[in-house]
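Try each task yourself before you read its solution.

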Amino acid sequence: MPNSKISPLAIIEKGAIIGKNVEIGPYCLISSQTTIGDGTVIDQNTSIYGKTTIGKNNHIFSHAVI
């Protein structure tokens with residue numbers, strides 16, 4: 001997670017893979033089988049569940065559920 005900006009209010013489960021320069025807002029939930037690609041921005045109150053892979057340089061807006 002080098003250079004990533006992750007809110008202390010976000011929940012990142014053990015096992016989740018977070019790329020470089022990722023931003024994760026407050027009240028997000030990232031499950032243990034999730035992979036987040038480099039440069040991705042995840043806005044507040046977003047939940048990403050299950051075996052999910054998000055590629056590089058995406059922007060996921062508030063209140064999304066994936």
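**Exercise 1.** In what order do the elements of the chain run from the N terminus on?

Solution. Start at the N terminus and read along: the run is β-β-β-β-β-β-β-β-β-β. Now count by type, and you get 10 strands and zero helices. Here helices (H or I, at least four residues) and strands (E, at least two) are DSSP runs, numbered from the N terminus.

Before going on, keep in mind that this is a predicted model, where local features need pLDDT of at least 70, side-chain atom pairs count only at pLDDT 80 or more, and totals for chains, interfaces and linings use all residues. Residues are numbered from 1 along each chain as its sequence is written, and side-chain values use heavy atoms, with hydrogens and water left out.

**Exercise 2.** Work out which strands form the open sheet, and in what order.

Solution. Step one: three strands take part, ordered S2-S5-S8, with parallel pairing (two strands pair if DSSP finds at least two bridges between them). Step two: S2 (11–12) and S8 (47–48) are the edge strands, as each pairs on one side only. Step three: look at S5 (residues 29–30), which pairs with S8 over two bridges in the parallel sense.

**Exercise 3.** Find how much of the chain is buried.

Solution. For its extent, the C-alpha trace spans about 20 × 20 × 20 Å along the principal axes.

How values were computed
Buried < 20%, exposed > 50% of the residue type's maximum accessible area, 1.4 Å probe, protein only.
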